[in-house]
Structures are given as structure tokens and as C-alpha cells.
Amino acid sequence: MNASEIAPDSTPDSVLDGTLGPAERLHPLFLLTGLGGVVRGAWGVLAAGAWAATQGRWWIVGVMLAAFGMISVGGLLLKWLKLEYRVGADEIRIDSGFLSRTSRAIPFDRVRDVDIEQGPLQRLFGLAKVRFETGASAGAKNEDGVLHTIALERAEAIRHQIRARHGGAITAGGEAAGEEESAPIFAMDSRRVLSAGLFNFSLVLLAGLFGLTQTLGNVAGFDPFSRHFWSNALDLTAPVQALVIGHQIIAAIAGTLVLAVVGVATGIVRIVLRDHGFRLDRAAAGLRRRRGLLTLTDVTLPLKRVQAAIIATGPVRR
């Protein structure tokens, strides 16, 4: 089904004057792509289900999962049915809500830029998430100005229409008409991305890993701060055990090194997923940044929004 399918019975009198286009809906796969956000917000349900499972009350777990699934899928279905958007010559209007109906008009003159984001599933099916950046939503994720799942071609067409309104005819490739894509201002190859990952070790992550080993160490048998963990892992004879790891300090140092290695590896993975294929170009609308391995983002920063350029380094980086 096409993402720009017209709702047959949702054309009010306000669009008959030609100021707004026909009503359009999100792609039906929004019912699937939206599940990720639902799961991320269900930590309380997951924690309660885990507690019930440890008590052997599996029927409670089944009831909770069934109820959560019905409520989540039902909520997504209602949102898909009741969310419509109309693109006009001067503005885009988004109507949403079931019990409480909200209609928001976003004038093109207030839109600073249109960001396009594609997750793994969206890239597979040629879909995209579109976010309209306005002065009111700068620095915050305002979900009122977001079209979560529409066709990529439709997302690019909307972005090009808004950029053209701001004074630049844009082609389907996202560049100014008559210009070819030149060498990037800055790009990161795989080696540079890996190097950047080495400097993204987080002390918060270290504290989280330490707490995890202390909380789940006894259950999983993984406690790198315990002397017995290392004696069993190294499988040494009793005299050698007493000589090599007989002191608790050595076990603590070894455990810290394990957490450090895990933390560095996690930082590398996070940066690779976020900054793979990083490319910064000079576009007609400003500075265009594209990056991402699983989730691909395409964002343009208008030059008039840049207030300062900050260069930061540190002793290790320097």
C-alpha cells in the first residue's frame, strides 16, 4: 500500500479552497515500526513480569503480556487510523487524536529544515521518519511535528517543497538544481570511526556494568571482583592460586580491567552504529550531515542557525 494513500472520507471543507492538499495517512507498516517505541517504554511491565517469573507465577506473566500486547497494538492502530496530514502550498497540517482531537498547522516559513531518518526496517521497505524542525521545537523532540512512517519518496518531496519555498530549487537527490555532489567538507572512514569509538568510554557505563555484576553476579556466576571467579577461570592449583590471586586487590584490579575492556568495546560499537558513513557536505540549504549503520539519518543545518564553531580536544586525543 502506498504511504500517500488518500483517506476517502476525510476531506473537510477547509481543503476545498486549494490551500491544503488531500488527506494522507502514515504507511500501514507504522503498526510494526511503532512497536519499538512501545517496548522501550515498557520497562515497568517487563520488570513486573520478571519478578512474577521468579516467583513461579507464570499465569500472571501470560496475562500481563497479553494485556500489554492488546493495549499496545490497539493504541498503535487507533493512532494510525486517526492521524492524517495535509500538505499545502504554504503549510502542512497534522490532525491526530481519538478522544481529544488535535489539529496542528506548521507554516513552511517557520520550518527551519526537514530531517529524514530511516531505521533498519524502514530502509528495507523504502520508508522514512520525517521531523519538521521549527523554532518552538529546537533542542527538543516535539512529536507533534513528526510523521513517523511514510514513503521515502514522499518524505523527500515534502522536504524539497519546503526548501524550495525558502529559496532553493531542490532535486530528488537533495542537492541544488544544476549542481553535482562535490567532495565532502568532512568524512569519516572506518578507521576514523573506530578511533572515535575508543574515546567514547563512559564512566556511567562503567558504573552500570559494575552494578550489573554485583546484582546478577551470583545468579549468572560472573563476578570479576571475586577471587573465586578468577581461581575457577584460571583453573590453577592451590599453591599457584594462593600466590597469583590470593589477594582481593588483584581480583579487584582484574575485574576493573574486564569492565574497562567491555566499556571500550561498547563505546566502539555505539559509535560505529551511529557514525558509520559519516559525511558532511555543503548543500544549498546549509550543512548536510548523513550518518548511521542501522539507522540512517539525513539532517541539514542552515548556516544562519550557526552561532559558533567550537573545537575541543584533550590530552589523549591531542
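These legends walk through several close-up views of a predicted model. Residues are numbered from 1 along each chain as its sequence is written, and side-chain values use heavy atoms, with hydrogens and water left out. Because the model is predicted, local features need pLDDT of at least 70 and side-chain atom pairs count only at pLDDT 80 or more, while totals for chains, interfaces and linings use all residues.

View 1. Helices (H or I, at least four residues) and strands (E, at least two) are DSSP runs, numbered from the N terminus. Helix 4 takes in residues 58-82, 25 residues in total, and spans 36 Å from first C-alpha to last. That is close to the expected 36 Å, where the expected span is 1.5 Å times one less than the number of residues. Its buried residues are Val61, Ser72, Leu76 and Trp80; buried means under 20% relative accessible area, exposed over 50%, and partly exposed in between (1.4 Å probe, protein chains only). What do they pack against? The buried residues of helix 4 pack against helix 1 (30-33), helix 2 (35-40) and helix 3 (43-54), with contact meaning heavy atoms within 4.5 Å.

View 2. Leu31, Leu77, Leu78, Leu81, Phe98 and Leu99 make a nonpolar surface patch of about 560 Å². Patches are made of residues with over 30% relative accessible area and no salt bridge; like charges are joined within 9 Å, and nonpolar side chains (Val, Leu, Ile, Met, Phe, Trp, Tyr) within 5 Å. The areas come from the Shrake-Rupley method with a 1.4 Å probe, and for residues only the protein chains shown count as cover. Helix 4 gives the most to the patch, with three residues. Leu31 sits in helix 1 and is partly exposed, at a relative accessible area of 31%.

View 3. Two strands pair if DSSP finds at least two bridges between them. Strand 4 (residues 111-118) is joined to strand 10 (residues 296-301) by three bridges, and Ile116 stands opposite Asp298 in strand 10.

**View 4. Strand 5, covered on both faces.** Is strand 5 (residues 127-134) enclosed or exposed? Eight of its eight residues are buried, so strand 5 is largely enclosed by the rest of the structure. In a regular strand the side chains alternate between the two faces of the sheet. Leu127, Lys129, Arg131 and Glu133 are buried on one side, with Ala128, Val130, Phe132 and Thr134 buried on the other. Six bridges tie strand 5 to strand 4, and Asp115 stands opposite Arg131. With strand 6, strand 5 makes four bridges, and Leu127 has Ala151 as its bridge partner there.

**View 5. Strands 8, 9 and 10.** Strand 8 (residues 279-283) and strand 9 (residues 286-291) run antiparallel, joined by five bridges; Ala283 stands opposite Gly286. Five bridges also join strand 9 to strand 10, with Arg289 partnered by Val299. Strands 9 and 10 form a hairpin with four residues between them, and Gly292 in the turn has a positive phi of about 120°.

**View 6. Salt bridges up close.** The model has 13 salt bridges, each being a side-chain nitrogen of Lys or Arg within 4 Å of a carboxyl oxygen of Asp or Glu. Asp113 and Arg163 meet in one of them (3.2 Å, N to O). Asp113 lies in strand 4 and Arg163 in helix 6 (residues 152-165), so the pair ties together parts that are 50 residues apart in sequence. Asp113 is buried at 3% relative accessible area, and Arg163 is buried at 7%. Asp275 pairs with Arg274, their closest N and O atoms being 3.0 Å apart; Asp275 is buried at 6%, while Arg274 is partly exposed at 40%. Asp281 and Arg290 come within 2.7 Å, closest N to O, and both count as buried, at 3% for Asp281 and 18% for Arg290.
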